[in-house]
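Walk me through this fold. Begin with its cores, then go to its helix pairs, and end with its backbone exceptions.

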Amino acid sequence: MSTIVRFAPSPTGYIHIGNTRIALFNWLFALKTNGQFILRFDDTDVVRSKTEYAEATIADLEWLGIKPVRIDHQSKRIPIYDAAAEKLKAAGVLYPCYETAEELERKRKLRLARRLPPIYGRDALKLTDADRAKLEAEGRRPHWRFLLPNFKGDPFSIARTEVHWDDIVRGRETVDLASLSDPVLVREDGTYLYTFTSVVDDIDMGITHIIRGNDHITNSGVQISIIEALGAKAPDLGHINLLTTASGEGISKRTGALSIGSLRRDGYEPMAVASLAVLIGTSESVVAVPDMASLAEIFDPAATSRSASKFDPADLDALNRALIHAMPYAQARDRLAALGVGGERAEEFWLAVRGNLSRVSDAAAWWKIVSEGPASDEQLANEDRDFVRAAFDALPPEPWNRDTWKQWTDAVKAQSGRKGKPLFMPLRIALTGLTSGPELADLLPLLGREGTLARRP
């Protein structure tokens with residue numbers, strides 16, 4: 001049977017690194033098993049769901065290299081949920097409840113005062129047809145709860161009922177249904193909750209494996225029960241640890257912190273983001289992996305820690321530099337062209353400067369230095385001006401190559417008696433206007449003799 005996984009975000013904000021980690025785990029699992037990846041938007045919240053968020057999510061996933069075989073929206077699948085709800089009602093496991101939020105809170109406090117678990121007491125099951133008719137005549141509309149199978153014969157005599165599964169990530173997991181309230185699946189206005197729509201979609205789409213956050217473990221016990229009530233078999237489940245910010249705070253769509261869009265705008269490479277998001281909090285070393293196929297080879301969901309992991313952009317910077325320093329020109333060509341870096345010397349330029357870049361966009365500043373002249377950041381000290389003028393008089397004849405820098409500096413050393421930093425730093429400042437940067441042995445052939453002489457102070 002082919003593996004089918006899914007990523008089901010709510011389009012109520014821009015996806016952040018925490019959401020995206022879930023998508024990446026599912027995508028890599030599909031790659032590793034030659035399976036399929038479905039993107040399914042949980043957009044039944046018509047007030048908060050926005051098309052712009054869904055479109056941004058698709059773009060962010062594509063930027064990372066995640067390519068769904070199918071994109072669907074729950075808002076277009078209401079008839080399927082209606083049919084599933086009717087099936088549960090006919091089986092007697094989806095029942096109407098009429099309590100208000102205030103009434104439910106009072107009942108919860110009363111149970112706590114009696115030292116009982118603060119779960120729903122199933123009072124609605126005691127209502128007669130006449131009772132329900134009276135409540136509806138008063139203007140009340142029911143919400144509908146799923147009757148958990150945590151009893152033998154009498155639904156008011158709840159017994160310990162364990163739901164087990166072999167978790168892809170965590171190993172053997174158990175949820176006791178006796179400790180849970182019957183979940184609401186249908187709101188008073190007739191709209192459906194995620195707990196229900198997700199189950200129906202997973203059955204209908206043939207999802208074989210679900211990998212999601214470990215905050216869904218308890219929910220999984222409930223959803224397995226709903227799946228079985230609908231006559232289906234539960235997919236294999238995996239629950240991974242959650243990510244936090246570097247300071248340990250939760251990551252939220254509402255704050256926009258660590259959104260994929262913001263990381264893109266900051267110039268990070270997609271594989272730097274993917275490498276850190278996947279490998280952090282696992283037994284694998286966090287390294288810059290060059291492509292998804294390579295990341296899939298080392299990906300092992302079972303190697304994931306149970307505790308939360310901190311996502312620190314400082315770690316992302318190091319991975320980003322590693323990827324850029326090894327990036328071939330062919331991979332950077334189009335992005336360099338968009339920065340105005342082109343022509344027959346573009347590849348030579350890229351190979352010369354890439355080892356000094358943190359972002360591909362940083363190449364633009366060095367292209368300007370090479371093409372137009374030194375930056376204005378640093379000025380030669382007065383005591384170095386005569387030295388540099390004399391050094392420029394000792395420039396070797398062309399043609400120039402990588403050995404030219406050594407030939408030149410050897411001659412200058414013999415002429416001036418300078419060596420080390422007092423020799424090299426004034427020449428670097430004269431040529432680039434900066435105190436650090438790419439190897440001058442690589443830059444000098446790009447400048448050429450005429451371009452170098454133009455920088456003589």
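This is a predicted model: local features need pLDDT of at least 70, side-chain atom pairs count only at pLDDT 80 or more; totals for chains, interfaces and linings use all residues.

Residues are numbered from 1 along each chain as its sequence is written, and side-chain values use heavy atoms, with hydrogens and water left out.

Start with the cores. A nonpolar core is a set of buried Ala, Val, Leu, Ile, Met, Phe, Trp, Tyr and Cys residues joined through side-chain atoms within 4.5 Å. Buried means under 20% relative accessible area, exposed over 50%, and partly exposed in between (1.4 Å probe, protein chains only). The largest nonpolar core holds 47 residues. Ile 17 and Leu 295 have the most contacts inside it. Which elements give two or more residues to this core? They are β1 (4–7), α1 (17–32), β2 (36–41), α2 (51–64), α8 (260–265), α9 (270–279), α10 (292–298) and α11 (313–325). These labels follow DSSP runs, numbered from the N terminus: helices are H or I with at least four residues, strands are E with at least two. α1 gives the most to this core, nine residues.

Look at Ile 17 itself. Not counting residues up to four places away in sequence, Ile 17 touches Leu 243, Ile 251, Leu 258, Ile 260, Leu 263, Val 273, Ala 277 and Phe 311. Contact here means heavy atoms within 4.5 Å. A second, separate core has 41 residues. Among them are Ala 332, Val 360, Trp 366 and Phe 392.

Now strand β1, where Ile 4 is placed. Is Ile 4 buried or exposed? Ile 4 counts as buried, at 15% relative accessibility. Beyond four places in sequence, Ile 4 touches Gln 36, Ile 38, Met 205, Gly 206, Ile 207, Thr 208 and His 209. Met 205 is 201 residues from Ile 4 in sequence, yet their C-alpha atoms are 8.4 Å apart.

Val 370 sits in helix α14 (residues 363–372). Its relative accessible area is 13%, so Val 370 is buried. With neighbours within four places set aside, Val 370 is in contact with Phe 349, Leu 443, Leu 446, Leu 447 and Arg 455.

Ala 234 lies in the loop between α7 (217–229) and β10 (236–240). At 17% relative accessibility, Ala 234 is buried. Its contacts, leaving aside neighbours within four places in sequence, are Ile 224 and Ile 227.

Turn to the helix pairs. Two packed helices are described by the angle between their axes and the distance between the axes. Axes are lines fitted to C-alpha atoms, for helices over the stretch in contact, and angles run from 0 to 180 degrees between N-to-C directions. Angles under 35 degrees count as roughly parallel, over 145 as roughly antiparallel, 65 to 115 as roughly perpendicular and the rest as oblique.

Take α12 (residues 329–338) and α13 (residues 346–353). Their axes come within 10 Å and cross at roughly 105 degrees. The two helices are therefore roughly perpendicular to each other. Tyr 329, Ala 332 and Leu 336 of α12 meet Ala 346, Glu 347 and Trp 350 of α13.

Next come α16 (residues 404–416) and α17 (residues 421–432), with axes that come within 11 Å and cross at roughly 125 degrees. That angle makes α16 oblique to α17. From α16, the contact uses Trp 405, Trp 408, Thr 409, Val 412 and Lys 413. From α17, Leu 423, Phe 424, Leu 427 and Leu 431 take part.

Finally, the backbone. Most residues other than glycine have a negative phi, and most peptide bonds are trans. A cis peptide bond joins Glu 398 and Pro 399, with omega about 5 degrees. Pro 399 is in the loop between α15 (382–393) and α16. Arg 115 has a positive phi of about 60 degrees, and phi of Arg 122 is near 65 degrees. Arg 115 is in the loop between α4 (101–113) and α5 (129–137), and Arg 122 is in the loop between α4 and α5. Arg 115 is exposed at 80% relative accessibility, whereas Arg 122 is buried at 1%.
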